[in-house]
Amino acid sequence: MFNPPCAPHPASSPASALEPHGTALRATTPDPGTSALRLVTGRVHTHAARRASLLAGLLERPARIAPKFFYDAQGCALYGAICELQEYYPTRTERALLERHRAAIARHLPRGAQWVDLGCGDGSKSLPWLAAIQARRYVGVDVSPTWLARAAQAVEAARSDIECVGVVTDFEEPLDLHPVLSERPHAPPVLFYPGSSIGNFEPQAAAGLLVSFARHTGPEGALLIGADLVKDRALLEAAYDDALGVTAAFNRNVLRVVNRELDANFEPRAFDHVARYDAAHQRIEMRLVSRRPQEVRLGKEVRHFEAGESILTEYSHKYTVEAFEAMLRAAGYGQVRHWTDPHGWFAVFLARAS
Ligand code: AVJ
């Protein structure tokens, strides 16, 4: 799971448009009404593969649902609301951090770069940077063609001279942007990965993702990445279990996605939203906990849930500056800078080969 597709993003796109095509990237042209966006289809799961992985997770003990399934249209709307909540500090803290230090950060970024917006959503987080570093090309990367087209429209509205390419790819698959990036060999890639979405990955997978980033940025490029920092349990748990219940609705909504994807009959109200901070693993663990013994049909399967039995829906790992810097160095980045907010709640890192 990369970045929430919608600013985060409606995950499911019409299957026909997304049939994987071996590993080669395949160019498709979106409907002309949108933009001069060139759309390239990367590694995407077929609908059948998506359903199979969803079913397999639910039949496991304990059951689990991958966070990418949060982001249907309703999930995107709820995530957008989460980002505006008082308790959910990451979005506004990162935004203020990037605004405050944009000039200092841009000084360390290559000019005339390809700006690679990982999990771009509507592209809004990237717009100020395209000018700041005179980017030559915008490469949106997302699981949803709909969001890619929206991001391209926003970019073209801001910078009509910039080339836009959209790559549809599922972030559960290894990232392979080399064919697209090598089309502009003289424009070093700057990979932009905000929002602490790396937190959804377990440590080994996160380390693997950073290695793949380092392979893509190469000797001339750079990675600009946001990471939420370890802090007081009460602050963290409030951010994932807000008083209004928006995060609870976001979490329960995934059961509606499952009902659609698997012809299931989950009753979202029959599950409690629980968000706990696990200090040993330095992560928020979000779960849906069965309020009573219940049978749930999952297509042809039936899954029994005991009262109190949980479904894991998301990990959100938190980092210390030292630990995250060490992860970037271990991934091959020789030069790492970081900026934090006055509270020390969130950090952005700029990593380069040397
Ligand atoms: C989009 C994955 C960064 O983990 O903080 C927000 C998603 N989950 N509230 C996060 C989320 C619950 C968010 N990320």
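Which residues form one aromatic cluster with F70? Select F70, Y71, Y79 and F250 together, and you will have the whole of that cluster on screen. As you look, keep in mind that this is a predicted model.

Next, select F266 and F305, whose ring centres are 6.0 Å apart and whose planes meet at 50°, so that the pair is tilted rather than stacked or edge-to-face. F266 lies in the loop between α10 (246-262) and β9 (271-278), while F305 belongs to strand β12 (residues 301-305), and the pair therefore ties together parts that are 39 residues apart in sequence. If you colour by accessibility, F266 counts as buried at 4% relative accessibility, and F305 counts as buried at 0%.

Move on to F324 and F349, another tilted aromatic pair, with 4.8 Å from centre to centre and 40° between the planes. Here F324 sits in helix α11 (residues 321-330) and F349 in strand β15 (residues 346-352), so this pair links parts that are 25 residues apart in sequence. Both F324 and F349 are buried.

Return to F305 and select R303 with it, where the charged end of R303 sits over the ring of F305, 4.4 Å from the ring centre. Then select R283 and Y315, and you will find the charged end of R283 over the ring of Y315, 3.6 Å from the centre of that ring.

Note on methods. Residues are numbered from 1 along each chain as its sequence is written. This is a predicted model: local features need pLDDT of at least 70, side-chain atom pairs count only at pLDDT 80 or more; totals for chains, interfaces and linings use all residues. Side-chain values use heavy atoms; hydrogens and water are left out. Rings of Phe, Tyr and Trp (its six-membered ring) pair if their centres lie within 6.5 Å; planes under 30 degrees apart count as stacked, over 60 as edge-to-face and the rest as tilted. Helices (H or I, at least four residues) and strands (E, at least two) are DSSP runs, numbered from the N terminus. Buried means under 20% relative accessible area, exposed over 50%, partly exposed in between (1.4 Å probe, protein chains only). A charge sits over a ring if NZ of Lys or CZ of Arg is within 6 Å of the ring centre and within 35 degrees of the ring normal.
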